[in-house]
Amino acid sequence: MNNGVQFERQTAARLEELGWTCNDTPRSGDFGADLICTCGTEKMVVQCKDYNDGNSVGVAAIQEVATAKLHYKADLALLVYKGRLTTAARQLASSVNVHVGHISELKHGWVLDRTKKGQHIRRQEAIKRDIEKREHAAREARELQNRRERERQEYRSKLADYNKA
């Protein structure tokens with residue numbers, strides 16, 4: 001079995017742990033998708049790129065999986081990769097709504113995790129982010145209040161010096 005097929009199987013196994021059911025596409029004529037995965041009524045096409053040889057995954061991979069999404073009438077498109085993703089590929093993925101993830105990112109709590117555990121983790125992370133935002137806003141409010149108090153004190157001191165003169 002070649003590394004590409006092994007990587008596709010590894011990706012499918014990870015996605016299945018996250019609640020997806022995955023099927024291989026034909027080895028040739030796959031229209032840019034290595035896997036077709038479903039979860040409930042959601043359908044996702046997945047392109048797998050195992051580039052541990054120093055090469056980077058580029059825009060062509062994004063174009064392939066974006067086209068596969070249209071061809072297979074899927075709701076989601078995902079590029080899973082090993083190695084590096086070029087900046088241009090990231091930018092294109094963002095603009096054509098293709099999810100990208102390094103194989104190491106496919107774990108519970110990830111954005112495409114459809115399990116109850118994943119939903120719980122994402123809720124906990126959202127609560128944590130909300131608390132951090134509130135704490136940050138409270139710190140900024142205290143800093144502003146302290147700055148205004150210092151300005152009032154400086155103004156009073158200058159006023160007192162002016163009245164003495």
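Which side chains meet in a salt bridge at 3.8 Å, N to O? They are those of E64 and K49. The legends below describe this pair and other close-up views of a predicted model, in which local features need pLDDT of at least 70, side-chain atom pairs count only at pLDDT 80 or more, and totals for chains, interfaces and linings use all residues. Residues are numbered from 1 along each chain as its sequence is written, and side-chain values use heavy atoms, with hydrogens and water left out.

**View 1. The salt bridge between E64 and K49.** Side chains of opposite charge can pair when their charged atoms come close. A salt bridge is counted when a side-chain nitrogen of Lys or Arg lies within 4 Å of a carboxyl oxygen of Asp or Glu. The structure holds four salt bridges. In the one shown here, the side chains of E64 and K49 meet at 3.8 Å, N to O. This pair links distant parts of the chain, with E64 in helix 2 and K49 in strand 3 (residues 42–50), 15 residues apart. Helices (H or I, at least four residues) and strands (E, at least two) are DSSP runs, numbered from the N terminus. E64 counts as partly exposed because its relative accessibility is 33%, whereas K49, at 16%, counts as buried. Here buried means under 20% relative accessible area, exposed over 50%, and partly exposed in between (1.4 Å probe, protein chains only).

View 2. R134 is exposed, with a relative accessible area of 58%, while D130 is partly exposed at 35%. E149, R152 and R156 are linked in a network of salt bridges.

**View 3. The aromatic pair of F31 and Y72.** Rings of Phe, Tyr and Trp (its six-membered ring) pair if their centres lie within 6.5 Å; planes under 30 degrees apart count as stacked, over 60 as edge-to-face and the rest as tilted. By this rule the count comes to one aromatic pair. F31 and Y72 form this edge-to-face pair, at 6.5 Å centre to centre and with 75° between the planes. The two residues are 41 residues apart: F31 lies in the loop between strand 1 and strand 2, and Y72 in the loop between helix 2 (59–71) and strand 5 (76–82). Y72 is buried, with a relative accessible area of 17%.

**View 4. The surroundings of D30.** D30 lies in the loop between strand 1 (21–24) and strand 2 (35–39). D30 counts as buried because its relative accessible area is 17%. The backbone nitrogen of G32 lies 2.9 Å from a polar atom of the D30 side chain. Leaving aside neighbours within four places in sequence, D30 is in contact (heavy atoms within 4.5 Å) with T25 and Y72.

**View 5. Positive phi at K73 and N97.** K73 has a phi near 55°, a positive value in a residue other than glycine. K73 is placed in the loop between helix 2 and strand 5, and at 70% relative accessibility K73 counts as exposed. N97 is not a glycine either, and has a positive phi of about 60°. The place of N97 is in the loop between helix 3 (87–95) and strand 7 (99–102).

Terms used:
Polar contact = N/O pair within 3.5 Å; in protein donor to acceptor, adjacent residues only side chain to side chain.
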